[in-house]
Amino acid sequence: MTDAPAAAVPTADGYQTFPWSPNQQAVRLRIAHAAARLVAREGLSACTIRSVAEESELKKSTVHYYVRDSNELVDLAVLTLLQQLADQMKARMDEAPDGPEALCVLVRMFMGRGAHTVTLSEPTPLKNPMLWSDYTTHAWSRGAGAAVVTCFDTFGALFEAALARCEVAGGAERARAIHLYLLGAVQRNILSPLPPAEVAWAVSALAEVRLDPGRC
């Protein structure tokens, strides 16, 4: 089995790789998608070994073989879900005619404007706007900060790509500032909706790129 492809396995310390066979990788992906669907629909508390076994139509012993415990299963679910969402956002950004519109794609996604459905073996609506906050708390409380950073960097790269198309100076720093602003704006928006024009103004100021409020 030493020549088999390696599969990335999220852990509390970051990523480890194990030489899964192609069939094993397919089973692990099945588990990852089942866990991610549960998290998308019902939140982190729904992601248990038993529930994932039922969702994936596998035995509990099979799920246990591929993950050490429920914490690793939650990491796998969230990283899978957010990577799929990031891939979807990247595709929409690539379709945007210019940098400002690509940035607006990200603003709309973060602010929950429109329904978000992620394909995880099947279309799955993302219902929990507090998923990121919930997962950050869950991971931080058990010292799994590396997984949180991985999630953050996944979306941070999208902001950098959008600003690169805008051809502004200090793209990486501006991207981080916009990302952090929107993470806070998401929570504020849940309690009391923020006017799109206000969000567009803030992101425009941080990016030094004029955004159309009607597109954000």
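**Helix packing, core and rings**

The crossing of α4 and α5 is right-handed (a crossing is right-handed if the near helix is turned clockwise from the far one by less than a right angle, left-handed if anticlockwise). Helices here are DSSP runs of H or I with at least four residues, strands are E runs of at least two, and both are numbered from the N terminus. The axes of α4 and α5 (residues 99-110) come within 9 Å and cross at roughly 145°. Axes are lines fitted to C-alpha atoms, for helices over the stretch in contact, with angles from 0 to 180 degrees between N-to-C directions. On the α4 side, L85, M89, R92 and M93 meet A102, V105, L106 and M109 of α5 (contact means heavy atoms within 4.5 Å). By class, this contact has seven nonpolar residues, one charged and no polar. Ala, Val, Leu, Ile, Met, Phe, Trp, Tyr, Cys and Pro count as nonpolar, Asp, Glu, Lys and Arg as charged, and the others, Gly among them, as polar.

This is a predicted model: local features need pLDDT of at least 70, side-chain atom pairs count only at pLDDT 80 or more, and totals for chains, interfaces and linings use all residues. Residues are numbered from 1 along each chain as its sequence is written, and side-chain values use heavy atoms, without hydrogens and water.

Now the core. A nonpolar core is a set of buried Ala, Val, Leu, Ile, Met, Phe, Trp, Tyr and Cys residues joined through side-chain atoms within 4.5 Å. Buried means under 20% relative accessible area, exposed over 50%, partly exposed in between (1.4 Å probe, protein chains only). The largest core has 69 residues, and V52, Y135 and L182 have the most contacts inside it. Its largest share, twelve residues, comes from α4 (residues 70-95). Beyond its neighbours within four places in sequence, V52 contacts I31, A34, A35, L38, C47, V63 and L73.

Helix α6 buries L131, S133, Y135 and A139. These buried residues pack against α1 (22-42), α4, α7 (145-166) and α8 (171-191).

Last, the rings. Rings of Phe, Tyr and Trp (its six-membered ring) pair if their centres lie within 6.5 Å; planes under 30 degrees apart are stacked, over 60 edge-to-face, the rest tilted. The count comes to three aromatic pairs. Y65 and Y66 have ring centres 5.0 Å apart and planes at 80°, so the pair is edge-to-face. F110 and F155 are also edge-to-face, at 6.1 Å and 85°. That pair links helix α5 to helix α7, 45 residues apart. Both F110 and F155 are buried. Ring pairs join F110, F155 and F159 into a cluster.
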